[in-house]
Amino acid sequence: MKWLTGLGVLLMVALGSAGGLWYAWGRDLPSVSDLDVLEFSGQTRVYDRTGTLVGTLTPSLDSSGGVNRNLVPLGQIAAPLQKAVVTSEDRRFYEHHGVDYIGIARGLLKGLLKNDLEGGSSITQQVVKNTLLADLHAARTPERKFKEAVLAYQLDRTYDKQKILNAYLNIVYWGDGGRSDIVGAGTAAHAYFHKNAADLNLAESVYLATIIPAPNRRYKEFKEYRPLMKDLLARMVEDGRVTQAQANEAWKTPIYPAGWRIGWNDDGTVRSAILERPERLQENITAFEAQDGPKYAYQHYLQAVEKELLPIIGRKALYGGGRIVTGMSVPAQQAAEQASLNAQLPDGATLGIALVSPVNGEVLALVGQKLTGGRASDWNNATQARRQVGSSIKPLLYTLALQKGWKQSDTVLDSPLTNNDYQPQNYDGRWTGRYVTMRYALDHSLNLPTVRIGQEIGVPTFEAKLRELGLTPPDQGGLSLTIGTLEASPLQMAEAYAAFANGGLYYAPSLVRTVEDARGKVLYARPAPAAHRVWDAQTAFLGLDMIRGVVNDLSESQGGLATRALIPGWPVGGKTGTTNDIKDLWFAGVTPTVAGAVWVGKQDGGTLPTWAYSGVVPTPVWQQAVAGALQGQTPVRFQEPAGIAYRTIRQVDMAFRTAEADQEPVARDGSGQQGGFFTRRRPPAPESTPAPEPAAATQDATPDASTITPDPSTATPVEPVPADPTSTDSTVTDPGTVDPGTVTPDVAPAPDSTLMDTAPPADTVTPSTDTVPADSAIVDAAPPEALPTDQGTTDPSPAPNTGTPTESTQDPLPPDAVPPADQSTPAPTNEIPPLN
């Protein structure tokens with residue numbers, strides 16, 4: 001009787017353990033009915049904002065290697081391939097109920113006795129792992145194994161074996177084709193043998209089945225893995241799936257996987273095997289996809305629609321047929337795709353483009369990759385990527401300063417920080433030691449004045465504003481946040497910039513307006529877009545005036561980087577951005593009816609060549625996309641609110657609040673202490689001072705600098721004022737958490753973005769100057785030597801001290817920094833070729 005008592009105790013413990021596991025992991029399992037995608041019609045029609053049909057939503061199945069949208073019914077997959085895969089991957093597939101306990105035990109025993117651990121997962125479990133549990137990323141954890149077993153059992157009870165096998169054959173990862181993953185039997189048949197899955201013979205089917213466990217390695221070593229085909233054929237004979245005669249014939253049948261040159265003997269042995277062109281895999285995939293070319297138009301927008309709707313209406317409703325109306329603009333989407341096709345990018349680079357409506361935040365266009373004509377990667381850089389934004393963040397900080405009562409004519413010290421461990425620098429490692437206007441600092445993308453603005457405004461205050469704009473500041477970003485360590489997607493930046501064009505309102509991005517099922521029943525209707533005011537109307541317009549200056553203040557020949565964003569007939573504002581080591585290139589900008597952002601970089605985050613600048617790579621892409629979106633529209637102006645006045649300050653027309661237009665500019669150094677030009681205190685000279693200023697270059701119709709009468713406010717040199725240790729601003733920086741080398745400046749010859757931790761070689765650096773041209777005034781990235789001579793309207797400029805500069809810079813594009821002709825981007829144009 002004792003053994004019965006012990007057995008009962010063990011049983012109770014087992015039941016208790018199972019109950020505990022279910023309580024912990026089994027209550028929130030996904031529904032196996034989601035795999036009904038194999039039965040869905042795929043005829044859910046998607047329309048743009050005008051009612052134009054733009055495509056249908058096609059069900060997809062995820063796998064550990066990628067996503068397959070070329071789903072093939074089981075009747076279109078060769079029977080030999082079905083049989084070979086079952087024998088190879090799950091011989092008892094038709095006998096077990098989702099989990100093959102005998103197979104698991106056999107694998108464990110083999111592992112213990114022969115030190116050769118086998119997987120043991122059934123075909124049903126692998127379907128669950130790569131679809132319903134894909135979010136666990138195939139982690140080998142008890143939780144994943146428990147959920148996998150439970151769902152496999154449910155799946156086996158819900159669907160017949162053929163449907164489960166069909167799902168498996170559509171999710172199998174068959175290798176890396178190059179640009180595209182090889183996922184599913186349909187793609188694999190075309191990649192390896194340039195034929196439909198239905199046309200595979202037994203020999204080809206056995207080959208594909210044998211490489212499934214390690215396709216990339218086994219593809220490259222044909223001769224070494226050839227014996228596996230003989231073993232698999234023998235097992236298929238044992239299982240009764242083929243006859244011995246069929247197996248013998250298949251063994252002697254020559255096969256030629258793509259890229260291989262193979263010499264065969266009559267007995268089925270390999271005489272020679274040379275992998276000549278592995279790129280042939282991708283060529284075959286591209287040719288296969290080209291057969292359905294139009295199928296891939298609007299790909300990334302449609303995928304984003306799926307992601308938005310899945311949590312709202314579920315997979316069955318999404319793919320069950322019906323009608324979806326979106327906010328897409330077909331002209332904008334086509335223009336963005338054409339801009340991506342035409343984009344002149346560095347080798348290995350890709351991009352992301354997002355265009356939105358400032359009116360309500362609707363997404364007009366999305367392109368998530370550099371397009372080449374075939375199917376692009378499913379990864380959508382426009383919505384999913386999070387990349388450092390560089391100097392494109394600066395207008396948000398400057399506008400926050402304007403909101404707090406600053407004026408764009410106010411001046412900020414261009415000099416290294418004092419009493420601070422965090423020491424950013426301007427691009428060229430130089431600084432002027434002068435107070436320069438906010439307008440000048442933004443147009444030149446100077447880091448030192450920008451950081452001082454952030455120091456005085458306060459990093460927590462800036463972080464709060466960024467969150468209002470739908471952005472997520474990094475933890476412990478400190479002052480480096482002010483010059484670009486924020487990570488964002490192009491869609492996030494587009495929506496943040498849209499607030500400049502609509503009077504200061506932020507809208508969360510939205511793609512879908514309404515969804516109806518196949519019978520016309522409304523399943524979803526988007527509520528009226530909710531606006532959140534982030535700027536008052538006057539502040540938004542003043543910020544807009546500053547970013548319009550970035551684009552318009554200088555021509556390209558004068559060194560202006562953002563001039564390639566100009567669109568004939570339309571007002572344009574925007575800002576470039578480049579991160580450290582030229583990893584990320586940005587342009588974000590606005591017109592009255594379209595706001596947008598473009599990111600360019602490598603998918604893996606690698607560096608770009610030194611000739612790549614934000615003004616010549618992403619900016620023309622933005623210009624072509626937005627110009628195409630606006631084509632056919634009557635140009636309109638930005639709406640100017642009441643209470644705005646204009647004054648010409650140092651040859652630059654600037655916008656002001658009427659009440660502040662005639663107020664004296666305020667000089668600021670980031671410490672919170674302020675003063676007019678005639679009342680600033682002169683602190684002790686710093687240990688490090690800027691190099692002597694060179695004579696400015698002359699231009700046509702520009703008077704000689706020696707004939708100019710200095711502004712009285714420039715007569716007294718002004719040195720950096722140490723930060724007040726009691727100021728609240730001194731508490732907003734956490735220099736210990738910031739690596740100055742994580743971001744870069746926003747100008748050439750190096751990146752147009754944030755900061756550098758070392759100065760360029762001395763022979764490549766020219767001391768900076770803040771003189772302003774008479775006809776246009778300010779540069780976003782003009783080199784010191786390229787600036788015109790002083791017109792008598794310069795920023796207050798003390799006589800430079802002598803010595804060695806510490807960390808400082810400007811954000812200019814030197815005359816010799818334009819990329820070679822074969823790498824340069826075409827000049828901006830308003831001509832948008834038709835979409836191919």
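Leaving aside neighbours within four places in sequence, glutamate 308 is in contact with Ser510, Leu511 and Val512. The model described here is predicted. Glutamate 308 belongs to helix α13. This residue is buried but has no salt bridge. The nearest side chain of opposite charge is that of arginine 526, 6.7 Å away. A salt bridge needs a side-chain nitrogen of Lys or Arg within 4 Å of a carboxyl oxygen of Asp or Glu.

Helix α13 covers residues 299-319 and lies across β1, β2, β9, β17 (512-516) and β18, at about 50° to β2. These strands make up an open sheet of 5 strands with mixed pairing, in the order β2-β1-β9-β17-β18. Its edges are β2 (53-57) and β18 (522-525), each of which pairs on one side only. From one strand to the next, the twist averages 20°. Within the sheet, β1 (residues 44-47) and β9 (residues 322-326) are parallel and share 4 bridges. Tyrosine 47 has valine 325 in β9 as its bridge partner.

A second open sheet also has 5 strands, here with antiparallel pairing, in the order β11-β10-β22-β21-β20. The edge strands are β11 (363-367) and β20 (573-578), and each pairs on one side only. Neighbouring strands of this sheet are turned against each other by 10° on average, direction ignored. Strand β10 (residues 349-356) runs antiparallel to β11, and 4 bridges join the two. Isoleucine 353 has its bridge partner in β11, namely valine 367.

Helix α19 (residues 490-501) lies across β10, β11, β20, β21 (584-590) and β22 (595-602). Helix α20 (residues 537-552) lies across β20 and β21.

| Helix | Residues | Reference strand | Angle |
|---|---|---|---|
| α13 | 299-319 | β2 | about 50° |
| α19 | 490-501 | β10 | about 40° |
| α20 | 537-552 | β20 | about 65° |

Helix α8 (residues 202-211) is mostly covered, with 10 of its 10 residues buried. An α-helix has 3.6 residues a turn, so residues three or four places apart point the same way. At the start of the helix, a side-chain oxygen of asparagine 201 comes to within 3.1 Å of the backbone nitrogen of alanine 203.

Strands β23 and β24 form a hairpin with 2 residues between them. In the turn, arginine 650 has a positive phi of about 55°. Strand β23 (residues 644-649) pairs with β24 in the antiparallel sense over 6 bridges. Arginine 647 is placed opposite methionine 654 in β24. Strand β24 (residues 652-657) is mostly covered, and 5 of its 6 residues are buried.

Conventions:
Residues numbered from 1 in each chain as written. Predicted model: local features only at pLDDT ≥ 70, side-chain atom pairs only at ≥ 80, totals over all residues. Heavy atoms only, no water. Pairing = 2+ DSSP bridges. Axes fitted to C-alpha atoms, helices over the stretch in contact; angles between N-to-C directions. Contact = heavy atoms within 4.5 Å. Buried < 20%, exposed > 50% of the residue type's maximum accessible area, 1.4 Å probe, protein only. Lys, Arg positive; Asp, Glu negative; His and termini not counted. Polar contact = N/O pair within 3.5 Å; in protein donor to acceptor, adjacent residues only side chain to side chain.
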